[in-house]
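Please look through the sequence and the structure below. The report that follows takes up a few residues and then the whole chain.

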Amino acid sequence: MLSEYYDDPSFGRKPPIAETIMVEYSSPNTNKPLHLGHLRNNFLGWSIAEILKANGYNVVKTCVVNDRGIHICKSMLAWIKFGNGATPQSTGIKGDHLVGDYYVMFENELRTQAEPIMQQLLKGDSNLLTGEEKIKAQQLWKKLQELPAGGEKGQEINNELRELARYNTPLMREVREMLLKWEEHDPATIELWKKMNGWVYEGFDITYRRIGVDFDKIYYESETYLLGKKYVEEGLKKGIFFRKEDGSIWVDLSKDGLDEKLLLRKDGTSVYITQDLGLIRLKYEDFHPDQSIYVIGDEQNYHMKALKLIAMKLDLPKAAGIYHLGYGMVELPGGKMKSREGTVVDADDLVDEMIIEARKKSAEQGKIEGFTEDELNQLYEVIGLGGLKFFLLKVDPKKRMVFNPEESIDLHGFTATFIQYAYARISSILRKEYPANEKSIIPSEPMPSVIPSEPLLLLEKELILLLEQFTTMIEQSAREHDPSVIANYAFRIAQTFNSFYSKHSVSNAETPGKKQLRLRICLMTSHVIKSAMGLLGIQVPQRM
RNA sequence: GGUCCCGUAGCUCAGUUGGAUAGAGCGGCAGCCUUCUAAGCUGUAGGCCAUUGGUUCGAAUCCAAUCGGGAUCACCA
């Protein structure tokens with residue numbers, strides 16, 4: 001094994017096969033900047049795509065941007081009301097953040113407007129409401145009177161009342177009007193929508209580039225949200241779906257353990273799942289994927305299960321190849337992230353912080369001699385960003401995880417830095433042995449094939465056995481859709497190498513044969529580390 | 001209430017196609033830099049694998065129940 005692959009940077013990867021897999025991930029809304037949860041999604045999606053490529057698949061990375069709907073209208077309305085013509089240029093604020101700021105302003109204003117209505121409702125006075133809502137509010141209020149205060153049920157009703165209050169504010173009325181205008185292609189509304197979305201995309205681009213994430217194809221919901229209706233008609237004809245008295249169209253999934261699911265509103269407009277069905281077809285026409293992986297939070301398990309079932313019932317192409325990679329929420333040590341409490345960790349801020357921290361810690365280490373300013377900046381980027389990616393990818397995607405800021409910037413233990421450090425040490429050895437090849441670290445002349453006469457030492461053997469497993473790991477991580485398999489593996493390699501390194505010398509090996517053997521082990525280890533980390537989207541430095 | 005996921009060391013996590021003394025990292029304690037980078041290495045303490053019952057020669061792993069945590073069940077997306 002060693003003599004065959006020691007100098008093969010692509011060791012572990014498989015030859016291409018004629019099978020296409022689409023990986024959909026990231027899929028942001030355009031009313032808010034990216035946050036910590038999105039980072040887990042992005043890193044996961046990107047890494048899974050790489051892992052599948054390493055298994056020989058043809059991979060198409062896609063992103064479905066949710067660029068339309070009431071949420072973006074909220075930002076637009078707040079901008080009209082409070083913006084005074086502010087732009088990213090005039091304020092110096094990154095586009096996605098600027099738009100996000102107006103979204104927050106909208107929510108604040110909404111709360112202010114809803115409060116007096118809520119107070120009225122709580123007094124049992126629902127005269128501010130009309131029709132069905134008035135009746136509903138009265139019913140809710142009566143129920144509330146019968147319940148003990150502070151109970152869970154009471155809280156629920158309270159929330160429903162609050163929803164009613166919010167819904168009936170002038171602000172919500174305005175924003176709904178705006179959405180209607182958008183749907184009627186009102187030129188001014190569309191223009192503003194395009195402008196503000198444009199700002200968001202500029203902002204997203206910067207973030208994506210920075211975190212090293214990209215896509216082969218981007219779909220916009222504004223272009224796809226009307227798709228899928230004809231499949232509903234089709235399903236209706238085939239008798240898979242049914243129509244209720246009010247005209248809405250449903251599918252009964254109770255035989256499959258789910259409930260009835262709405263597919264088309266009574267007014268004939270589509271819902272989330274309708275456009276998803278359309279998108280399946282569109283994706284198929286564009287790329288003919290054999291499998292389609294959706295990287296979406298596990299709170300959508302139910303939705304994705306329903307989507308797949310319906311697609312199978314409709315006999316959409318490759319419906320059986322739909323796979324939902326549902327990942328758990330990222331929580332903070334104090335609990336969930338809540339925008340209301342301002343505990344949302346912004347993606348851009350977090351990346352900045354990680355890099356600053358990398359700089360600080362490097363200075364503490366006192367290891368910055370002999371680097372140019374550019375090299376240092378690049379190194380901090382590699383360490384900071386790598387640390388963040390590794391932290392989010394090292395745990396099983398399916399599980400909820402706790403993001404501890406202090407732990408995430410740690411450079412010791414089960415971290416990217418630990419592995420990067422091992423790589424830098426190997427590079428240092430190889431640099432010394434092959435000074436002419438500092439850049440490539442690959443010797444220009446093949447090493448003489450020396451069959452070691454001495455038996456392998458324990459750590460040499462361990463390391464070789466571990467290296468041999470790389471192919472298996474790549475297979476396993478793809479099969480389980482789990483980059484943490486690779487992260488764990490890379491760590492074990494680095495760990496074993498560090499032990500080996502401190503116990504046995506390479507350049508001053510006991511015999512020339514041993515030296516050749518160890519050089520090969522080193523070379524191969526460095527290739528495997530670089531390759532494994534590459535699958536996670538993490539770079540490794542020659543020196544650090 | 002129905003469905004689904006989770007519960008392993010003080011903390012964060014591996015291990016779950018059943019197999020030998022349950023593994024890492026952090027944190028604690030004790031050591032190691034005149035030899036290839038100490039962002040490292042070595043040693044040590046710390047666990048009734050939520051609980052109870054079952055299947056089995058054998059269970060952290062499979063089954064059931066219970067307790068605790070979470071998600072979801074919208075004419076929202």
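## A residue in a helix

Which residues does S477 touch, not counting residues up to four places away in sequence? They are I48, I51, D482, V485 and I486. The model is a predicted one.

S477 is part of helix α19, which runs over residues 470-479. Is S477 buried or exposed? Its relative accessibility is 0%, so S477 counts as buried; the cut-off for buried is under 20% relative accessible area.

## A residue in a loop

K338 is found in a loop, with β9 (330-331) on one side and α14 (347-365) on the other. K338 counts as partly exposed because its relative accessibility is 40%. That class covers the range between buried, under 20%, and exposed, over 50%.

K338 also belongs to a positive surface patch.

## The whole chain

Chain A contains 21 helices and 10 strands. Its C-alpha trace spans about 95 × 55 × 50 Å along the principal axes. The chain has 544 residues, and 51% of them count as buried.

Among the contacts in chain A with a separation of 6 or more, 77% are between residues 24 or more positions apart.

## Surface and charge

Chain A has an accessible surface of about 26,200 Å². Carbon and sulfur atoms account for 51% of that surface.

There are 69 positive and 77 negative side chains in chain A. The centres of these two sets are 2 Å apart.

Conventions: Residues are numbered from 1 along each chain as its sequence is written. Chains are lettered from A and ligands numbered from 1 in the order in which they are written. This is a predicted model: local features need pLDDT of at least 70, side-chain atom pairs count only at pLDDT 80 or more; totals for chains, interfaces and linings use all residues. Side-chain values use heavy atoms; hydrogens and water are left out. Patches are made of residues with over 30% relative accessible area and no salt bridge: like charges are joined within 9 Å, nonpolar side chains (Val, Leu, Ile, Met, Phe, Trp, Tyr) within 5 Å. Accessible areas come from the Shrake-Rupley method with a 1.4 Å probe; for residues, only the protein chains shown count as cover. A salt bridge is a side-chain nitrogen of Lys or Arg within 4 Å of a carboxyl oxygen of Asp or Glu. Lys and Arg count as positive and Asp and Glu as negative; His and the chain ends are not counted. The place of a charge is taken as NZ of Lys, CZ of Arg, CG of Asp or CD of Glu. Helices (H or I, at least four residues) and strands (E, at least two) are DSSP runs, numbered from the N terminus. Buried means under 20% relative accessible area, exposed over 50%, partly exposed in between (1.4 Å probe, protein chains only). Contact means heavy atoms within 4.5 Å.
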